[in-house]
Each structure stands twice: as structure tokens, then as C-alpha cells.
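The stops below tell you what to select and what to look for.

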Amino acid sequence: MKYMKLALELAKKGNPSPNPYVGAVLAKNGEIIGRGFHRRAGEAHAEINALAEAGKNAKGATLYVTLEPCSHTDKRTPPCTRAIIAAGVKKVVVAMEDPQPKVRGIEELREAGVEVEVGVMAEEARELNRPFAKYITTGFPFVTLKCAMTLDGKISGKNGARMQITGREAVEYAHKLRDENDAVLVGIGTILSDNPKLTCRIPGGRDPTRVVLDSALKIPLDANVLADSNVVIATTEKNNGEKKRELEKKGVRVWILGGDYVEFRALVKKLASEGMTSVLVEGGAGVYESAVESGLVDRFVFFIAPKISGEETARDAFKKLPEFEVLKVKKLGRDVLVEATLIKR
């Protein structure tokens, strides 16, 4: 158990999207002889890194790995099963099976005489790779909706004006969410009122692809979000003109996804086709409503501040929602974090 726990911690160090998070530990005679994790897509997998550290000492060892080792060849790296077998590993302990139907690593290892145990800390491994599993099994990214609100359910100031709702700890947590997701999505109203950069301010963190839902193509060419070209503007057929060409000259991707309005479902499907396995929806109310109505939101993250202020209520965005199932409650400074999913009737 302790070796698998370490493997899971190692897995979290990577940034492998659209590949899964994977960590591996090689142990022999009660000692760790190799560690590894999958850093980035296209680079060596966790098992290969652990085997490299162990060297010839890997013979007769036990490998603890958070995901079933790959066995297929239609990718940038060779199959891990072949390396495990060649190294003489005696036993492989796997947390969870790979959701990809073409992966038969467990079967291949057993056929080669390697003992395989499956299911150690499986729930923790599945939680770590929920975005990957949804992406593989449905073709859609894992969608997280983040919303900050006051005690009376307000999400903005009067007439949609920007209002600092939460404190430093909640803001830091929100930037952690950006680091964890491939894309961050907002509506044009957020751009016009707040002019955000939508970058990640965590030291060493990654900036997600910024996605702006802008049906009328109102985005200013000097908006902060356009500081670099890692941006997608989702708009409609009526905006296939000069503004679109100006944005494309800046390197911005402009996607036409509808006639009168941008369909949320079509947008996230397109993001998945570009290899984005996770999307963070940050607002505002109109985008929240579109996201919820699409039925694609997997997780809700609410930051609730001990304040009574503002005008636009969360109920305006979530008026059609059934009950939530609360998964996590945590205090962040003076604010409260609530993570939840929808209870589907």
C-alpha cells in the first residue's frame, strides 16, 4: 500500500495531458530501487523512468504502477509491457485498468509469466484520472464549473460590475484549478467587465488555453487575454469578417460554432478534438447556464464568501438545477469551498 501511495504522489508531479497521470515505484527486498512518473505527452512513461533508475537491479523486483501499463504501438513511445518483461520484473501491482479498449497490458504481462495484482488504491487512481477516463470513453473533456458567490448568492456587483468576492486563499485555489486544467472558459461579458489575463499565477504552474465565448465578436483587440496566441474565440457565422481576420493575424484561433449562438456542447467537443481533456468554466452567468444545460458539467466548485453584497445572483445562472451532492467542504481563509456534483433524476 505504501508503495502505491508513493506512486500516486509521483503521478501528480507530471503534466501529461492528453495522456493520463501515471506514477511508478520499483521495490525489491523491502527497498525502493526505482521511481518514475510521466512528465509530458511524448516523453518516457512512468514505468520506463522507474526501470531506468533501477537498472539491472529491476530483475526479480515488484513494480507498483497507478495505471495498467501500455501495450500498443500506435503512439510516440514504445510499449511499457515489453520493457517490463525484458527487465525481468517478477510482479506488477496495478491500481486501475486503462479505460482504452486497445490496451491489454495486464493480459500481456500475465501471458509472459509476470504475476499481476489489480485494484490496489483503485479509487484514488480513478479520481486522479477522471478527466482522461471521460475523454477516452465519451470523446468529451472533463468539465469543472467554478463559481464565487456571497452568502446571499451574488456573483457580481451592480449591473454586472466586477466585485472581489473571495479572499487570497480562495484566489490561490482558483489558480491551482487553472494549472490543473487544459483550458479555461469565460464569456465575453467577463472579458469586457474584468479584462482578465486568465493565466496561472502559481510558481511553476502552466497557463491553460484561454477560451472566450463571444457570439457577436465584441472582444477588443487589445484585451489582456490576447497577450499571446494561446487563445480560442468561439463565435458564430455572422462574424466571419474583418474582426475575425484581425484576430487570426495575432495567431488567435477563431472557431465558428453556430449561426445565432455558440452551442456549448459543440465548443467542448471541439476542444476535445484538439487534445484538451479538461476544461474549467469560470463564468459569467450566461456561460454557467449554457454549461449546465449542456449536461456536461462533471464537477462544481463553489467559493462562498461571508459577505452580503452585489446584484447578479447565482440562481440566475443555476435556476434549472436539481439538487447537488456535496463531495467536499473545506475552509479557505474566511471563505468556504464546496465541491459537488449534480444529483441526476
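Start by selecting Y3 and Y64: Y3 is buried, and Y64 is buried too. Buried means under 20% relative accessible area, exposed over 50% and partly exposed in between, with a 1.4 Å probe and protein chains only. This is a predicted model, in which local features need pLDDT of at least 70 and side-chain atom pairs count only at pLDDT 80 or more, while totals for chains, interfaces and linings use all residues. Residues are numbered from 1 along each chain as its sequence is written, and side-chain values use heavy atoms, with hydrogens and water left out.

Next, keep the rings on display and select F300 and F302. Their ring centres are 5.9 Å apart and their planes lie at 15°, so this pair is stacked. Rings of Phe, Tyr and Trp (its six-membered ring) pair if their centres lie within 6.5 Å; planes under 30 degrees apart count as stacked, over 60 as edge-to-face and the rest as tilted. F300 and F302 are both buried.

Now show strand β12, residues 297-305. Helices (H or I, at least four residues) and strands (E, at least two) are DSSP runs, numbered from the N terminus. Eight of the nine residues of β12 are buried. Which strand runs parallel to β12? Select β6, residues 142-150: eight bridges join β6 to β12. Two strands pair if DSSP finds at least two bridges between them. At T150, look across to A305 in β12, which stands opposite. Then select β14, residues 335-342, which pairs with β12 in the antiparallel sense over five bridges. Here V301 has E339 of β14 as its bridge partner.

Just after α11, G295 takes a positive phi of about 75°.

Move to the other sheet stop and select β2, β1, β3, β4 and β5. These five strands form an open sheet in the order β2-β1-β3-β4-β5, with mixed pairing. The edge strands are β2 (31-37) and β5 (115-118), each pairing on one side only.

Finish with two charged side chains. K176 lies over the face of Y173, 5.6 Å from the ring centre. The charged end of K270 sits over the ring of W255, 5.1 Å from its centre. A charge sits over a ring if NZ of Lys or CZ of Arg is within 6 Å of the ring centre and within 35 degrees of the ring normal.
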